[in-house]
Amino acid sequence: MKPTLLILAAGMGSRYGGIKQLDQFGPNGETIIDYSLYDAIRAGFGKVVFIIREELRADFEEVFGPKLKGKIDYDYAIQGFQSYVPVELGEIERAKPWGTGHAMLCGWEQTQTPFAIINADDFYGLEAFQLVSDFLNTSADDSEHTLIAYEVKKTLSENGTVSRGVCEVNDEGYLDVVTERTKIFPQEGKIYFEESGELTELGPETPVSMNFWGFKPSVFPITQTLFSDYARNNYNAPKAEFYIPVVATHLIKSGLGKLKVIPNASEWFGVTYPEDKPTVQAALKKLHEEGKYPNQLW
């Protein structure tokens, strides 16, 4: 069966100041998601699941439904504040979704095959989609998953600090540790992350996670157990978030799974701040001019 693509699109865009999932960046008004969809189809994916908030569903159907009809199966999964929360906790009061790990869990019902999961506001490039598709189509071990890694030097923003999952990879090419660093930035030709007021240098080719993962369906019940415990411990913390790296770390430490780190030399670009938009627009325009994408995607 062809793999499924899950797209994390329920975020609030607090730093961006709007719904960047649906903002227009391409020369013909394309969203960043349009390029991910186009590349996923070329790489052999068989289905797309948009993980969204309920209030975005009509807009997503209007924007993407006509483009995808007849080209690839698609569905929606709603990331609600109560989704997969233990019933005994009652009504949960939150202002934002529970995070990327919870979002992935919310796509369980719509996902019957090995799957990749990505951010809605990141441009990953065709190579990344082909690499993860090939892995999902050839790996026969239900406990073997993957992470598409980027060089940190290719993932920075000129307009502020960025958050990245810094990876430590063992000699066999599997992930040992992924550590979320929330303040990474370039300075005087070097790259640093800041933590507790101290700066630590990162090598420019340090592999980092851009939230492009490939999982087998065996990850879902494990994620559900982890999230249930997390929700019980954080039900009264409205800003607490349950991230995919928490799931990855548990798989590794428990011996329930392993994650093959697949290097990817592509240039990444994405939108964190409003000031990032012109840079993304220029990069997409250049890709069209170079023939990497047709004048009209759809």
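Buried means under 20% relative accessible area, exposed over 50%, and partly exposed in between (1.4 Å probe, protein chains only). This is a predicted model, in which local features need pLDDT of at least 70 and side-chain atom pairs count only at pLDDT 80 or more, while totals for chains, interfaces and linings use all residues. Residues are numbered from 1 along each chain as its sequence is written, and side-chain values use heavy atoms, with hydrogens and water left out.

View A. Glu188 is exposed, at 77% relative accessibility. Its loop runs between strand 8 (175–187) and strand 9 (190–195); strands (E, at least two residues) and helices (H or I, at least four) are DSSP runs, numbered from the N terminus. Phi of Glu188 is near 50 degrees, a positive value in a residue other than glycine. Most residues other than glycine have a negative phi.

**View B. Asn211, a positive phi in a strand.** Asn211 sits in strand 11 (residues 207–215). Its phi is near 65 degrees, again positive in a residue other than glycine. Asn211 is buried, with a relative accessible area of 11%.

View C. A salt bridge is a side-chain nitrogen of Lys or Arg within 4 Å of a carboxyl oxygen of Asp or Glu. The side chains of Lys285 and Glu289 form one, at 2.5 Å from N to O. The two residues are four apart in helix 7 (residues 277–289), so about one helical turn separates them. Lys285 is partly exposed at 45% relative accessibility, and Glu289 is exposed at 58%.

**View D. Glu151, Lys153, Lys154 and Glu205, a salt-bridge network.** Salt bridges that share partners join these four residues, Glu151, Lys153, Lys154 and Glu205, into one network. Within this view, Glu151 and Lys154 pair at 3.7 Å, N to O. Lys154 is buried, at 17% relative accessibility.

View E. The side chains of Arg53 and Glu55 meet in a salt bridge of 3.1 Å, N to O. Arg53 is buried at 11% relative accessibility, whereas Glu55 is exposed at 55%. The structure holds 14 salt bridges.

**View F. Cys106 and Cys167, two buried cysteines.** Cys106 has 7% relative accessibility and counts as buried. Cys167 is buried too, with a relative accessible area of 6%. A search of the whole structure finds zero disulfides, a disulfide being a pair of cysteine sulfur atoms within 2.5 Å.
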